[in-house]
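This briefing goes through the model by topic. Please keep the sequence and the 3D view open while reading.

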Amino acid sequence: MTDWSQVLAEYGGIVWKTVRRLVNDDADAADCFQETFVAAWEFSRKRSVQNWPGLLKRLATARALDQLRKRMRTAVVSLPAEATTKLSGQLPPPAAAEENELFDQLRAELAALPSDQAEVCCLRFLESFSYEQIADELGLTINHVGVLLHRAKSALQNSLAAFAPTGHNKREVDS
Amino acid sequence: MIDSNKSDLVEQALESLRDAPIPAAPPAQLLSETAERLRSLEAQANSYTQGPRRKMVSQVAPYCRATAICAVVVGAIVWMGLIDHSTVIAFANVQSQLKKVKAVQYVEIRIEDEEWNKAHAQQRDLKINTGDIFFPRRHFVLAPYGHRTETLDPSGQVQSVHIADWQTGTSVMLHPKEKRCMIFESQVTIHAKTGQQTETKIKPTLYNNLYAEIHEIPPGATTQLPAKFLDGKRAVGFLWEQKIVKQAGTDTWKRTYWIDPDTRRPVRIEISQRSTDKRVGPSDWVQRDFVFDADLSPALFHTKPPEGYATETNKILGIKSE
């Protein structure tokens, strides 16, 4: 029988970090945190868990991406154009603002990706999973993981081109 | 923020997000709420899986399943007749059991082959002139020699009565409606080629005497058949096949005795006759409704003509072709 207090104490920090980084909101992160552990509890009733951190990170990433998608859908419907302008006036100093803008854009683009590509991408670059670990966790082949990653990066590259340094853009133009 | 030396913009952006400072620990309240929720889920699940009722059901369930499976398998085996009582019943047991029977009565029905009758109508009329053989017959046998056969008309009334005493070889045929009695004292066999006549005492034949029929079957001559249900009761079958080779053809008689495995007495007898002689049509009989050791009056088996009956004496004629 699983000692959930121990699991929470041991891996609560990992889960929190994963969900908080992606959703960038304490209340949403708290929801995702609880849902992650409930999903882990359901999983553990069906199968024995060999790798708690791997399982929790995967579940947390999936919940956080779901939350991001939900938020994106709500934002598109509810936020009028002038609201964005108003919000932009509350942004911190220029450098931090630019970084936050990049991260928000990145989150939005991750939410817009197909779920399998987004999940693979997050596990690879945000959780530092190896291809093999991703394949094990998601039940995919390593080749399939590579394909999904490639597609995700291609999609993100186009979306994030505006954030590329000037020199980089210049080289592309020159070439 | 983005290192221009790094060629992959996406990787850089994601790594930046990964390394962005985030509060490492979840709020304490969230941890306690989550722990409480998990405990509640665990308790709910345990109360279902380990509650007294569920526990009892889970303990009993495997036995119930095993019992049900066994019952189904045993039922199927019994139904398919794989447990065959014939393995413990030899036909000799049936014969010996019948020797203990003092009286038996049964009904015999002849099953007609309409097609053959139509095709051989003229021949048949010549061959059978009494016609009474086609109606149901009630047989009464009083061990060991008395045999009474009542032939019924289509309305169920007794048309004729044949009484045979197999000890004396005497038999009488009564026609109650006409109050006529035919006494057969002997049988005359005429040899077809030589014309020689042989007069002998009337003997029981395999066809018309149950005792003779069953007792004369040689040991080991029967074949066991798969059991089947007759009138809702299981019966074990024994087949006796007999070939009688004659000059005009070969007659094949098949007798199937369906035996009650408990009483070891017949519940149904099926008789069929087929012949390669084209003049002989297919015939089938079924004997059923057996009653053993019924209280049969000896008066039913008297071969003296009843009072008031006109009597005539006759001989049973038979032609022997070989």
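This is a predicted model: local features need pLDDT of at least 70, side-chain atom pairs count only at pLDDT 80 or more; totals for chains, interfaces and linings use all residues.

Helices here are DSSP runs of H or I with at least four residues, numbered from the N terminus. By that numbering, A:His150 sits in helix α8 of chain A.

**Chain A overall**
- Chain A has nine helices and zero strands.
- Read from the N terminus, the order of elements is α-α-α-α-α-α-α-α-α.
- Of the 175 residues in chain A, 32% are buried.
- Contacts in chain A between residues at least 6 apart in sequence include 68% that join residues at least 24 apart.

**Helix α6 and its packing on α8**
- Helix α6 of chain A spans residues 115–125 and is mostly covered, with nine of its 11 residues buried.
- The buried residues of α6(A) are A:Gln117, A:Ala118, A:Glu119, A:Val120, A:Cys121, A:Cys122, A:Leu123, A:Arg124 and A:Phe125.
- The axes of α6(A) and α8(A) lie 8 Å apart, and the two helices pack at an angle of about 95°.
- Angles of 65 to 115 degrees count as roughly perpendicular, and α6(A) and α8(A) are therefore roughly perpendicular to each other.
- On the α6(A) side, the contact is made by A:Asp116, A:Gln117, A:Ala118, A:Val120, A:Cys121 and A:Arg124.
- On the α8(A) side, the contact is made by A:Val145, A:Leu148, A:Leu149, A:Arg151 and A:Ala152.
- Sorted by class, the contact of α6(A) with α8(A) has seven nonpolar, one polar and three charged residues.

**A:His150**
- Is A:His150 buried or exposed? A:His150 counts as exposed because it has 12 C-beta neighbours inside 10 Å, and a residue with 12 or fewer is classed that way.
- A:His150 and A:Cys121 are 29 residues apart in sequence, and their C-alpha atoms are 9.0 Å apart in space.

**Contact between chains A and B**
- In this contact, 33 residues of chain A meet 27 residues of chain B.
- On the side of chain A that touches chain B, α1 (4–23), α2 (26–46), α5 (94–112), α8 (142–159) and α9 (166–174) each supply at least two residues.
- The most comes from α1(A), which gives nine residues to that side.
- By class, the residues of the side of chain A that touches chain B are 19 nonpolar, seven polar and seven charged.

**Nonpolar cores**
- The largest nonpolar core has 44 residues.
- Which residues have the most contacts inside this core? They are A:Val19, A:Phe33, A:Ala64, A:Leu65, A:Leu110, A:Cys121 and A:Cys122.
- Two or more residues of this core come from each of α1, α2, α3 (52–78), α5, α6 and α8 of chain A, and also from α1 (9–19) of chain B.
- The largest share, eight residues, is given by α1(A).
- Leaving out residues up to four places away in sequence, A:Ala64 touches A:Thr18, A:Val19, A:Leu22, A:Val23 and A:Cys32.
- A second, separate core has 17 residues, among them B:Phe91, B:Val104, B:Val141 and B:Ile259.

**A hairpin in chain B**
- Strands β8 (residues 223–230) and β9 (residues 233–245) of chain B pair in the antiparallel sense over six bridges.
- B:Thr223 stands opposite B:Leu239 of β9(B).
- Two residues lie between the strands of this hairpin, and B:Asp231 takes a positive phi near 55°.

Key. Residues are numbered from 1 along each chain as its sequence is written. Chains are lettered from A and ligands numbered from 1 in the order in which they are written. A residue is buried if 20 or more other C-beta atoms lie within 10 Å of its own, exposed if 12 or fewer, and partly exposed in between; C-beta atoms are placed from the backbone. Two residues are in contact if their C-beta atoms, placed from the backbone, lie within 7 Å. Ala, Val, Leu, Ile, Met, Phe, Trp, Tyr, Cys and Pro count as nonpolar, Asp, Glu, Lys and Arg as charged, and the others, Gly among them, as polar. A nonpolar core is a set of buried Ala, Val, Leu, Ile, Met, Phe, Trp, Tyr and Cys residues joined through C-beta atoms within 7 Å. Axes are lines fitted to C-alpha atoms, for helices over the stretch in contact, and angles run from 0 to 180 degrees between N-to-C directions. Angles under 35 degrees count as roughly parallel, over 145 as roughly antiparallel, 65 to 115 as roughly perpendicular and the rest as oblique. Two strands pair if DSSP finds at least two bridges between them.
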